[in-house]
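Colleague: Hi! I'm new to this one, could you walk me through it?
Modeller: Happy to, let me put it on the screen.

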Amino acid sequence: MRKSIPGLTHSLRSESAARGAFAMGLLLAALLATSACGFKLRGDVEVPSEFSPVFVQPQHRSPVGNEIVRQLHGSQVQLAAGPRQARMIIRLSNERRSSRVVAVDRGGKVLARELHYGLTFDAVTPDGKQLVPQQSLDLVRSYEDPNVEVLGKQSESELIYADMFSDAANRILTRLRVMLR
């Protein structure tokens with residue numbers, strides 16, 4: 001049997017409402033402060049108009065190249081159909097991925113791995129003038145691999161690589177934006 005104390009439930013409700021109003025006020029203040037300072041959500045890719053349209057030229061089928069194109073397209077950056085129509089060509093080369101064992105148990109079973117992904121990139125005009133010099137990008141991620149659920153671990157490593165491709169695309173576009181200012 002539940003007994004309520006008169007006035008207590010009303011007091012708890014009004015206190016809860018006050019907390020909710022306070023939290024909403026803080027959220028509103030934070031939103032106003034960030035909008036006033038020029039804060040932008042990540043994902044907007046800015047390319048100076050004199051370098052648009054852009055063409056992404058990977059050496060082979062490239063998940064990072066696909067990710068760069070996706071991000072540029074999503075930010076309404078004009079993309080060229082080929083290198084001759086572009087004002088800037090982002091060239092990707094020397095893509096490589098590897099993994100290595102970083103921890104084993106007493107029996108020699110793998111406990112942890114390190115995944116590596118790297119590439120080089122630059123940006124040029126269609127006539128070959130260097131806009132951004134060739135740069136290397138190397139990413140490393142570690143993950144546990146207790147050698148059980150082999151299919152699950154295979155999927156996990158592919159998800160980690162997918163995250164690395166997205167991270168590499170973000171880093172390349174950030175470097176280009178800084179260098180082209």
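Modeller: Let's go through confidence, then the aromatic rings, then the charged side chains.

Colleague: Which elements have the lowest and the highest mean pLDDT?
Modeller: Helix α1 (residues 8-36) has the lowest, at 58, and strand β1 (residues 54-58) has the highest, at 96.

Colleague: And where does pLDDT stay under 50?
Modeller: Over residues 35-42, where the model has three contacts beyond four places in sequence. Where pLDDT is low, the predicted coordinates should not be read in detail.

Colleague: Noted. On to the rings: how many aromatic pairs are there?
Modeller: The count is two. In one of them, Y117 and F165 sit edge-to-face, 5.0 Å centre to centre with 75° between the planes.

Colleague: What does that pair tie together?
Modeller: Y117 is in strand β3 (residues 110-124) and F165 is in helix α3 (residues 150-179), so the pair links parts 48 residues apart in sequence. Y117 and F165 are both buried.

Colleague: How do Y161 and F165 pair up?
Modeller: Y161 and F165 are stacked, with 6.2 Å between centres and 20° between the planes. They are four residues apart in helix α3, so about one helical turn separates them. Y117, Y161 and F165 form one aromatic cluster.

Colleague: What lies over the face of Y161?
Modeller: That's R97, at 3.9 Å from the ring centre. R97 also forms a salt bridge with E158, with the closest N and O atoms 3.1 Å apart. E158 lies in helix α3 and R97 in strand β2, so this pair ties together parts 61 residues apart in sequence.

Colleague: How many salt bridges does the count come to?
Modeller: Eight. Another one of them joins D138 and R96, at 2.9 Å from N to O. D138 belongs to strand β4 (residues 130-144) and R96 to strand β2 (residues 88-104), so the bridge connects parts 42 residues apart in sequence.

Colleague: Which residues are linked in a network of salt bridges?
Modeller: R141, D163, D167 and R171. D167 is buried at 15% relative accessibility, while R171 is partly exposed at 38%.

Conventions. Residues are numbered from 1 along each chain as its sequence is written. This is a predicted model: local features need pLDDT of at least 70, side-chain atom pairs count only at pLDDT 80 or more; totals for chains, interfaces and linings use all residues. Side-chain values use heavy atoms; hydrogens and water are left out. pLDDT is the predictor's confidence in each residue, from 0 to 100. Helices (H or I, at least four residues) and strands (E, at least two) are DSSP runs, numbered from the N terminus. Contact means heavy atoms within 4.5 Å. Rings of Phe, Tyr and Trp (its six-membered ring) pair if their centres lie within 6.5 Å; planes under 30 degrees apart count as stacked, over 60 as edge-to-face and the rest as tilted. Buried means under 20% relative accessible area, exposed over 50%, partly exposed in between (1.4 Å probe, protein chains only). A charge sits over a ring if NZ of Lys or CZ of Arg is within 6 Å of the ring centre and within 35 degrees of the ring normal. A salt bridge is a side-chain nitrogen of Lys or Arg within 4 Å of a carboxyl oxygen of Asp or Glu.
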